[in-house]
Amino acid sequence: MPDFLDARNLPAALESRNNEQSQQRRVTDSLKVTEKLNPFELEKRKLFVPPPETGALIERHGVEIPQIAQQDPYFFDFFTRELATNYHTLKTQIQHEHRQGNIYDDGLTERITGIAAVQTTNAVFAKEVELMTDELTGMPNRVYQERVLAFWLQKAMEGGFPLTYMEADMDGFKLVNTLVGHAGGDELIKASTKIGKSPLRQYEVVGRKQGDELFFILPGVGLTQAAATGQFIADRSKAYLINEIPGEQLAPDDQISMSGGIATFDPAIVYGSGRVPGEDADQTIKRILSTHGGVKRFAAEMTDNADIALSHAKSKPGKNRFETFTFGMQRITDLPINR
């Protein structure tokens with residue numbers, strides 16, 4: 001008689017079957033959850049997962065990942081890549097010394113390599129963060145904007161989720177400097193970055209590009225949500241600036257507010273209209289990047305498009321708005337000198 005028909009084995013058989021059914025339900029439920037997630041939610045699950053070899057290196061040597069790298073996907077990617085590169089470079093050097101007669105056992109070689117790799121990586125990482133931080137506001141700067149926009153654009157193209165880039169600056173900033181002085185203007189710039197950050201979610205970034213010009217990188221955000229975020233920032237900024245500038249010093253036509261421009265990469269539009277019959281997603285991405293001169297050039301185009309849209313926002317009566325870039329939109333260059 002087969003074992004599974006033996007009454008003595010029935011409880012174990014039932015328990016085994018129940019476990020299998022329970023496991024199957026968990027798998028099915030997990031698949032259902034995954035199906036409900038949009039592409040950006042799926043991407044977020046991978047942002048802080050290093051390659052297996054690098055993850056093993058981190059665990060083996062108890063590497064403490066800097067706090068900013070635990071919060072910012074770009075810095076996490078930079079730190080883990082730099083750590084892996086330094087580890088392999090240093091291990092090669094130490095193995096060369098071993099062959100030259102400086103004898104270390106494998107355990108000591110591994111410990112020396114790990115310690116040296118972590119120290120080197122931390123030093124390089126600190127310089128990278130400093131290079132990408134604005135001195136006035138302590139926020140990300142133009143270097144960050146150029147590198148991180150390209151970083152997210154690559155992920156958006158591969159992951160199939162939208163990415164929005166926005167630029168904004170104060171309307172009438174020259175007048176602001178006249179009324180409150182350059183030191184007062186600097187304080188208002190600091191305040192504007194905080195206002196700009198207030199509606200942002202995890203992974204969304206505001207930084208200072210130059211002067212009073214801010215930038216926003218919004219992964220996973222499409223046009224509709226970006227427009228709402230931009231207008232919220234414009235309204236909050238105007239309310240704050242009006243309170244900070246004495247009303248009796250303003251002429252009736254003086255405009256103290258915030259305007260911005262929006263440029264969005266939407267894979268549903270780009271891939272939907274640009275897919276060549278028979279090509280897969282990877283081939284489409286390669287072709288589009290080739291057309292635009294690579295991901296860095298593509299990111300630079302997004303920056304230019306947002307700036308063009310910004311010029312249109314500043315040309316409208318009353319300003320204090322965020323305009324969305326549309327194809328065919330040309331830069332407006334004859335703006336009032338006070339912008």
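This note goes through the sheet, the helices packed on it and the nonpolar cores of a predicted model.

1. Basis. Local features need pLDDT of at least 70 and side-chain atom pairs count only at pLDDT 80 or more, while totals for chains, interfaces and linings use all residues. Residues are numbered from 1 along each chain as its sequence is written, and side-chain values use heavy atoms, with hydrogens and water left out.

2. Five strands form an open sheet in the order 2-3-1-4-5, with mixed pairing. Strands (E, at least two residues) and helices (H or I, at least four) are DSSP runs numbered from the N terminus; two strands pair if DSSP finds at least two bridges between them. Strand 2 and strand 5 (322-324) are the edge strands, each pairing on one side only. On average, neighbouring strands are turned by 25° against each other, direction ignored.

3. Pairing around strand 3. Strand 1 (residues 163-171) and strand 3 run antiparallel and are joined by 6 bridges. Strand 2 (residues 205-210) also pairs with strand 3 in the antiparallel sense, over 5 bridges. F216 in strand 3 is the bridge partner of M166, and F216 is likewise the bridge partner of V206. Strands 2 and 3 form a hairpin with 2 residues between them, and G211 in the turn has a positive phi of about 50°.

4. Burial of strand 3. In strand 3 (residues 213-219), 7 of 7 residues are buried (under 20% relative accessible area with a 1.4 Å probe, protein chains only; exposed is over 50% and partly exposed lies in between). E213, F215, I217 and P219 point one way, L214, F216 and L218 the other.

5. The other end of the sheet. Strand 4 (residues 257-265) pairs with strand 5 in the parallel sense over 3 bridges. Opposite I262 stands T324 in strand 5.

6. Cores. A nonpolar core is a set of buried Ala, Val, Leu, Ile, Met, Phe, Trp, Tyr and Cys residues joined through side-chain atoms within 4.5 Å. The largest has 46 residues, of which F75, L83, Y144, W152, L153, M157 and I217 touch the most other members. Helix 7 (residues 142-159) gives the most to this core, with 9 residues. Apart from it lies another core of 23 residues, including L214, F216, M258 and I262.

7. I217. Contact means heavy atoms within 4.5 Å. Not counting residues up to four places away in sequence, I217 touches Y144, Q145, V148, L149, W152, L163, T164, Y165, Y203, E204 and V205.

8. Helices on the sheet. Helix 7 lies across strands 1, 2, 3 and 4, running at about 20° to strand 3. Helix 12 (residues 295-315) touches strands 1, 2, 3, 4 and 5, and its direction makes about 145° with that of strand 4. Axes are lines fitted to C-alpha atoms, for helices over the stretch in contact, and angles run from 0 to 180 degrees between N-to-C directions.

9. Helix 7 against helix 12. Their axes come within 9 Å and cross at roughly 110°, and the two helices are therefore roughly perpendicular (65 to 115 degrees). Q145, L149, A150, L153, Q154 and M157 in helix 7 meet V295, K296, F298, A299, M302 and T303 in helix 12.

10. E128 lies in helix 6 (residues 106-131) and is buried, with a relative accessible area of 8%. Leaving out residues up to four places away in sequence, E128 touches Y74, F75, F78 and R147.

Conventions: Parallel < 35°, antiparallel > 145°, perpendicular 65-115°, else oblique.
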